[in-house]
Every structure is written in structure tokens, then in C-alpha cells.
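Hi,

Here is the structure I promised to pass on. Please have a look, and then read on for what turned up.

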Amino acid sequence: AIQCFDQFKHLKRVIGVEISRDRFGICDTAIELYAKRCIEEGHSTITQKNVSMEGASGTNRIVRRLGAPGSNGKPRIIWRTLEIYQDDVGVMKNFLDDADVDIVVMDVAFSSTMPLGVVEVLCNLKRGARVLTYENIKLRWPSDRSFPFREFNRGDGYSTSWKNEDGGHEFYMWRRKAGGCKRKRKRTKHAEEVTNEEGNAQSTAVGDSDCDVDDGGSGNPEQNKDEEEDKDYE
């Protein structure tokens, strides 16, 4: 989160979430040092801790810094915000919905199926939102939900501390498609009762039934535009 905030000056708000108390402690120290450096470099900077934020209940640290330099080299009069929270992303759904997120970076690996809370957060992203993930989240997506993302820029590898050879580690990039996440009903057998000429019932199996139920999301009917817009991201 600190790197994104410092490197990409056009980002007005950057939110970082860490569930581990120990790792959050490291983040908190880092962000405090970062704020101190900003002040030393002459940037107007405000730091706050444990600010009451609706929808986020955990410990937090917030840094507000005057906007990036304008054309004349002086700061523009806008405040950029860097926020970190010790919390579970899955319980921050309403908070993140209100933040109207454009880009998500998920530096996390799931040992099994992705938790439902995280799924709900990703399902509620707006159409066109981009997501960078450490692993292929499609393989971790719940089988009873339709997958709402389209992959792009596949094969991009970067040298990392754990893999710096053979093209580095392959990250995955996704774009939110139109429409909601549909909850799939399980395929079930059903039977049809057939009567003979005498009116006696004869039970016979008649195959399978399956259907999807729309479970919210953007509900945009123009899903055919997804393929056209993919060209803008490739």
C-alpha cells in the first residue's frame, strides 16, 4: 500500500488491509516512518491513529498528504489519503463498497476455496475494476458461484524473492465483467409421474434440472461490451 501511494501520485486514496496483528504492527511502523520522511521532505502531512471509520472496526493508521506536484512544481490543493487497517477484508464489504474501488491488489494465497466474505467483496466491485492476484483465483472460486472476471495480460512474470529465474513468478490480472455473481443451484434429479390408460401411476426418471439465480452485482445488461473493452486492457 505504501509503495502504491508513494509511486503512483494520481491515486487519491489507497487502502491496505492486514488481518494478522503481528504483520499489521510491521505495517504500522513502516507507515509511521514513511509519514516522517514525507515531513522531512517538506510535504504537508497529517497522521492519525485509530480513527473511527464506519464499516471498519479494527485498529488503523491514516496518513493524509498534500497532493502531487502540479505543472508549476507546487503541490495541488488536494489531499491524498493512505489508510491501513488491521481487519478482515470479508467483514469490510460495506466500507469497501462505499470506497468505490477501482484497483485491487491481493498479495495472498488461499489454501482452499476462497472465503465467502472475500468473494462478496470481489463480486461487488464495479464493472471494469481491475484485480491483481498472487495466484489464479478462478481455481479457488466457490463452485456454486459464477466467476465474474475476465483474465487479461496473462503470462506476465516478475522476478521475486522466491522466484527470480525462469521468468519469475506469474501474477494474474483480472477485469470485472458486467452482470452479477450468480449463485448456481446444484444439479438435481427430478421425476415425472406418468399414468397408463387405467389411471395407474407409473414413476419414471426424466433427467436433470439446473438453473442459476442472480445474486446481485452490477446487473448491467450490456455484457457483450466486455469483449470489445478487453482490447483496451491487452
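Predicted model: local features only at pLDDT ≥ 70, side-chain atom pairs only at ≥ 80, totals over all residues.

Residues are numbered from 1 along each chain as its sequence is written, and side-chain values use heavy atoms, with hydrogens and water left out.

First, the overall picture. The protein has five helices and 14 strands (DSSP runs numbered from the N terminus: helices are H or I with at least four residues, strands E with at least two). Of its 234 residues, 32% count as buried. Taking contacts (heavy atoms within 4.5 Å) between residues at least 6 apart in sequence, 63% join residues at least 24 apart.

Now the cysteines. Searching the whole structure gives one disulfide, defined as a pair of cysteine sulfur atoms within 2.5 Å. Cys123 and Cys181 are the partners, with 2.0 Å from S to S. They bring together distant parts of the chain, 58 residues apart: Cys123 sits in helix 4 (residues 116-123), and Cys181 in the loop between strand 10 (172-176) and strand 11 (182-184). The torsion about their S-S bond is about -105 degrees, so the disulfide is left-handed. Cys123 is buried at 3% relative accessibility, and Cys181 is buried at 1%. As for Cys4, its 28% relative accessibility makes it partly exposed, whereas Cys38 is buried at 0%.

Then the charged pairs. There are 13 salt bridges, counting a side-chain nitrogen of Lys or Arg within 4 Å of a carboxyl oxygen of Asp or Glu. In one of them, Arg13 meets Glu83 at 2.7 Å, N to O. Arg13 belongs to strand 1 (residues 13-18) and Glu83 to strand 4 (residues 79-86), so this pair ties together parts 70 residues apart in sequence. Arg13 is partly exposed at 38%, but Glu83 is buried at 3%.

Asp28 and Lys49 form another salt bridge, their closest N and O atoms being 2.9 Å apart. Here helix 2 (residues 21-40) supplies Asp28 and strand 2 (residues 45-49) supplies Lys49, so parts 21 residues apart are tied together. Asp28 is buried at 10%, while Lys49 is partly exposed at 42%. Finally, do look at Asp6, Arg37, Glu41 and Arg65, which are linked in a network of salt bridges.

Best wishes

Technical notes: Buried < 20%, exposed > 50% of the residue type's maximum accessible area, 1.4 Å probe, protein only.
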